[in-house]
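Please read it alongside the sequence and the model.

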Amino acid sequence: MQTQEVPRPTSAAPIAHPPSNPLHTRLLSILLAIWRAMTLNRKVAAGCAIVGFFIVVGLFGPFLVPYNPNATSPLFIAPPSAAHWLGTTVVGEDIFSQLIYGTRTSVFWGLATGLLVTVLSVLVGLVAGYFGGLTDDSLTLVTNVSLVLPALPLAIVLAAYFPRGPLTISMVIVITSWAWQARVLRSQTLSLRSREFVTAARACGERTWRIIFFEIFPNEISLVVAGFVSTTIFIILAWAALEFLGLGDGTIPSWGGILYWAQQAGALGGGLWWWFIPPGLCIATLGAGLALINFGIDEIADPRLRPERPVKAANARRNSKQTT
Amino acid sequence: MRHVIRRILFYIFAVWVAITIDFFIPRLAPGDPVAALVGKMSTKGYVTPEMQQTLSAMFGLNTNDPLWVQYFKYLGNLLHGNFGNSIQYFPTPVMKIIGQDIGWSIMLGGVAVIISFTLGCLLGILAAWKRGKTLDTVLSPAMNFLSAIPYFWLSLLSLYIFSYLLNWFPLSGGYDSANIDPGWSFEFAGSVIQYAFLPAMTLVIASLAGWMLTMRNSMITTLSEDYVLMAKAKGLSQRRIMFRYAARNAVLPNITGFAIAIGVIVGGQLLTEMVFSYPGIGYALFQAVNQQDYAMIQAIFLIITLAVLGANFLADMLYVFLDPRVRVERSA
Amino acid sequence: MVTGIHANALTNTLLEVKNLNVDYLASNGTVHAVTDVSFTLQRGQILGLAGESGSGKSTLAYAITRLLRPPAMITGGEILYYPRSSQGRYHRGTTKVPTPHHSTPALSGLEVTGGPQGPQPLGASKNGKREHINGGNGRSEDEEQPIDLLQLSQAQLQDIRWDELAIVFQSAMNALNPVMTVREQIMDVLRTHRPHMGQDSRKQRAIELMQLVGIAPDRLRSYPHELSGGMRQRAIIAIALALSPEILIMDEPTTALDVVVQREILTEIMRLREKLAFSVIFITHDLSLLLELADNVAIMYAGRIVEEASRRELYLHPRHPYSYGLLNSFPALHGPRRRMSGIPGSPPDLRAAPPGCAFHPRCPLAFDTCRSVLPSLRPAQGDESGQHVACHLYDPRFSEVPPSTSDLARAYEALAEGRSVQ
C-alpha cells in the first residue's frame, strides 16, 4: 500500500467574531454593497434613477430656469405656451419655474427631514432596545403614544399655532413621524442584543456606546435604509399636504404650495389643469420612485420575495419527466 | 386577560396625553395669538368685548388662576362636552357644529375603509397565490405606483376628470341640498350615494395598494412556512390551504398594520374631504384653519384623536381574538 | 397472476425508488441534491436514512411525497408504490375520483409490471382501520400493480396523500398551524379524506389518536404553542397516523428535542408500529439512533447512497469508510480511551462534485481510481449478507483484498495522528 499525504484535519467550525477590518475597508465594502444593490435589483435601480433625477433637477434646475418664480407678469392664467411651458398663475407667475424651484424645496427639505427623523428614531430605538428595563419601558410608552396619535391632525394643530415656514413644518413632521421606525429598530436591537457577538464584545470590555453604534448598528443598516426611504415618502406627502392646507410659507415655492395657490384661485373649477396636475404628478412620481426602492430592498432582504426568473439553459437538457 | 387590561390602560393614558397636548399647545405657542386674531377679525367686523373675552378665556390668558387650576377646569369642561364656542360661527358652541359634521365623515370613512381593506386583502391573497403569473406581474407594480400617489392629488385628479370634465358627479357637498331635504327617503339616500361616490372611490383607490401589497408579501412569506407544506402533505383542498392555513396567518400583520394605518387613513380622509368640499369634519378643519378658529381646531383634533384611539383599540382586540399566541403572557 | 419480473413485489415490497434525481435550479449553478438514488422499502420495515447536513436526505423525503418547492425539481427516476390489493383498499365516496386510468393521460407512462390489465383503478373502498400484517399471506389473488407517484395528477396525489403516505416534519412547532387547535388539525384531515365519517366519529377518532400517542384528550382544545416540545411532536405523529397510512416518513423527528424526550418518542414510534404495522422511512443524522431503531440503514453522502445494510451488519462490519467514520465519531461510553478523529473536511459543493467518488478528498483510504471512477452500489466482494456498498475498495476490479473493519480503524487512527498509511 502506498503512503499518501493527507491534509491535516481542519479545525472545528469557526466561532463568530466581530469584523476586524479597518474602518475605511469596511466603509468601502459597504459602499460597494450599496452600489451592487442599487444596480442588481431592478426595482431599486429604477427607483434610484427616479430619485436621482429629481435630486439633479433640484440641484441644477434653478440655474437654468428663465423666470424668477415669484415674478409676476401681466399674463394671467395663460395656458402652456412656448414662453411659459406650463402656463402662468393667476398673478402671472411662471408655473414651470415654480415647479423647478419647488423641486429643490420639496426634495431637499424632504430628504433633510427624513434624515432627522431617521437619526431620532435610530437613537431612541437602539437605546431602548439595548438597555431594556425602565429606560426601555418609558421610551416604549412614549413611542407607542406617539404612534397612536393621528399624525396629520396633530401636525395641523401644531403648524397652525406656530409661525409659518418650512422649519415649523419640518419640526412638526419630525415630532409626528419618528415613532414608527423607532419601534421597528427597537425590536431588531432586542433580538440582536442577545446574540453572541454582543456578549463577546461586552466580555472584551468594549464601551457601551461603541457596542451600540459599531457592533449592533451595522447589522441593522438595511432596516434603517428601508425605514429612511419609507419615512421620506411619508414626509414628502405630509409636507405637500400641510402646504396645501396653507400652513406653509406661501412665498417659498414648493409643490404643495403651488397646489395651495391653485386651489385658492379655483383652478379646478376653472379647468386650469396645467396648474394643479404637474405638481401632483411630481409628488406621485417621486413617491413612486422611493416606494420602488423600498420594495426592492424588501426583495433583497427576503429572498423569498424575489421574482422567480426562469432558469435558462439548464432546462433544455433535462429529461422529459420533470415534476415537483 | 392581562393583555387586554394592559391595552386598556395604555389607551386611557394615550387619551390623557392627547387632552393634555390640546391644553398646552395654545399656551406654548409664541406670540400673542389673541391680539393677532382680534386684529384679523376686526377687518371683518366689529369685535365685541364678549368675543375678546372668549378668545382670551380660550387661551387662558385672562384668568388669574394658576395653570393647574385652568387645567382642571379644562378637563371638567371636556367631560361636559364643552369645547368652547366657535369663532367663525360665534357664539355657536363647537360641539354642535362637529356633531353635524361627524356623521358624514364616519359614513364616508367607514364604508371606504371596509371596502378597501377587504378588497385589498383578497387581491393580496390572489396575487401571492398566483405569484409570477399575469395577475401578479401586472397588479403588483401598478399597486406600487398607486401607493405613492398622495391622497389629495388623487382627489383633485378624480374631481377634475369625473366632475369637471365628464360631469358624472357633483363638484362638492354631501347631498343635493338645493332640491332634496334630509330624511329617511330613497331620494335622499340616492343623493347621498351620488355625492359620496367620488370621494369614497378616491379613498378606496388610494388605500387599496397598501393593504394589497402588505398582504401579498405576508402571504408569500407564510406560504413558505412548514405548516402550509404540511397542509399540502395532508392532501387538503387548495382553498382550505389558501384561506385557513395561509391567509389566516398572513392577515395578522395587516391587522396590526391597520391600527397604525388608521392614523394615515384619517389624515387622508381629511384631505379628501377638503378637496371635495364634503361636509365632514375634515372640511370643517380646513375651514377652521383658514379662519383661524382655534377653538374648532382644538376640538376637532381631540375628536379625531379619540376616534383613532378607539379604532386602534378595536383592532387590538380583534388581533387578540385572531391570534391565540397573544393571549398567553409572553416572556421578553 | 405471478409477475415474474418483480418476484419480490409479490412478497413484501411497498415502495420502490428507482434512479431518482433531484436538482435545485439556482441562478448560480444547478445543485444535484439527489443523484441516482434507488432503494426498496418492504412492508412493515423501518428503513433508516442517515447522512450529514446537505447529503440530500430531506430532499429525498420531500421528493417522495412530492412536496418539493421550486427551484427544486425532480429530474428523473420513478417512485413505485405498491398499494394493497385493490379490494378492501380505499374508501372513495367523493367525486374527486378520476375515471379509470386507461383514459387518463397522466398515467400513460406508468411502469407496469407485466400484467395485461394495466394499472388498477383507485376505486374500491378501504376500511378505516387495518388488519395486522402477517408475513405475506395478507395478499389476495389480485395482481399488485404499482403506481408511479411521480406520474400522478394533483387530484390523485391529494387522494393518496396522508391516506397512504404521511410525513412527520422535523420541527413540530413550525409544522402545526399556530392559529388552529390540535383537534381542528386532526379533524380537517378526516373531513377531507373520510367525508362519510360523521362528526361524532371524527371526534371519537381524534380522542383515540391522542390516547394512542399518550396525550390526554383534553389537550385537543389546545393551540400548538400551549404544548410542550415533546407533546407537539407526539401530536404531529398522531395527526400523521390519523388515516392509518402505509408509509410514514419521519424527517429528523427528534432532533429538536432533548434526549429524554427523544427516547420516549422513539419508544412510542416502535410501539405504534407494532400495533398498526406501518412502514417507516426514518431520516436522521444520528446513526446511533438508527442502530437501535431501524431494520435496514442506508447511508447517504453527497446525494447518493453509499452503503446499505441491515443494522446488525452495519454495526459489526461497516464497509464504506464514510460509514465507519460516522459510526465512530461518537465516543463509546465504555472501553479503552482512544484518540478520536472526526471525518476531516466538509461535504462537497453539490454544484460541482469532485470527479470519481465524492468522498475521496476526505477518505483516509482513497487511491487513484477513486479520483476518476464513480463507484456504483454493489454487494461487497464476497459478501452474502445483502449489504451493498459504493466503494472501490470492495470492487474486485480495482482492489484485490477488501479492507477489514480493523483496517478502517487503523486508517482513521492514523488520520487522527496526523498522517495516513494505506
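From the N terminus on, chain B runs α-α-α-α-α-α-α-α-α-α-α-α, which comes to 12 helices and 0 strands. Helices (H or I, at least four residues) and strands (E, at least two) are DSSP runs, numbered from the N terminus. This is a predicted model, in which local features need pLDDT of at least 70 and side-chain atom pairs count only at pLDDT 80 or more, while totals for chains, interfaces and linings use all residues. Residues are numbered from 1 along each chain as its sequence is written, and chains are lettered from A and ligands numbered from 1 in the order in which they are written.

**Chain B**
- Of the 332 residues in chain B, 42% are buried (20 or more other C-beta atoms within 10 Å of the residue's own; exposed means 12 or fewer, partly exposed in between, with C-beta atoms placed from the backbone).
- Among chain B contacts (C-beta atoms, placed from the backbone, within 7 Å) between residues at least 6 apart in sequence, 72% join residues at least 24 apart.
- B:Arg27 lies in helix α1 (residues 2-28) of chain B, and counts as partly exposed because it has 14 C-beta neighbours inside 10 Å.
- B:Arg27 and B:Asp316 are separated by 289 residues in sequence and by 34 Å in space, C-alpha to C-alpha.

**Chain A**
- Chain A has 13 helices and 1 strand, in the order β-α-α-α-α-α-α-α-α-α-α-α-α-α from the N terminus on.
- Of its 324 residues, 43% are buried.
- Of the contacts in chain A with a separation of 6 or more, 70% are between residues 24 or more positions apart.

**Where chains A and B meet**
- The contact between the two chains involves 44 residues of chain A and 45 residues of chain B.
- On the chain A side, α4 (133-148), α5, α10 (221-244) and α12 (273-301) each supply at least two residues, and α12(A) gives the most, with 12 residues.
- By class, that side has 35 nonpolar, 5 polar and 4 charged residues (nonpolar: Ala, Val, Leu, Ile, Met, Phe, Trp, Tyr, Cys and Pro; charged: Asp, Glu, Lys and Arg; polar: the others, Gly among them).
- Helix α5 (residues 151-161) of chain A packs against helix α10 (residues 238-276) of chain B at an angle of about 60°, with the axes 7 Å apart (axes are lines fitted to C-alpha atoms, for helices over the stretch in contact, and angles run from 0 to 180 degrees between N-to-C directions).
- The two helices, α5(A) and α10(B), are therefore oblique to each other (under 35 degrees is roughly parallel, over 145 roughly antiparallel, 65 to 115 roughly perpendicular, and the rest oblique).
- A:Ala151, A:Leu152 and A:Pro153 of α5(A) meet B:Gly263, B:Gly267 and B:Leu270 of α10(B); by class, this contact has 4 nonpolar, 2 polar and no charged residues.

**The sheet in chain C**
- An open sheet of 8 strands in chain C has the order β6-β7-β8-β3-β9-β10-β12-β11, with mixed pairing (two strands pair if DSSP finds at least two bridges between them).
- Its edge strands, β6 (165-168) and β11 (378-379), each pair on one side only.
- Strands β7 (residues 247-251) and β8 (residues 279-284) of chain C pair in the parallel sense over 5 bridges, with C:Ile283 as the bridge partner of C:Asp251.
- β3(C) and β8(C) also pair in the parallel sense over 5 bridges, and C:Leu47 stands opposite C:Ile281.
- β3(C) runs parallel to strand β9 (residues 296-301) of chain C, joined by 4 bridges, and C:Ala50 stands opposite C:Ile299.
- Strand β3 (residues 46-50) of chain C is largely enclosed by the rest of the structure, because 5 of its 5 residues are buried.
- C:Ile46, C:Gly48 and C:Ala50 point one way from β3(C), and C:Leu47 and C:Leu49 the other way.
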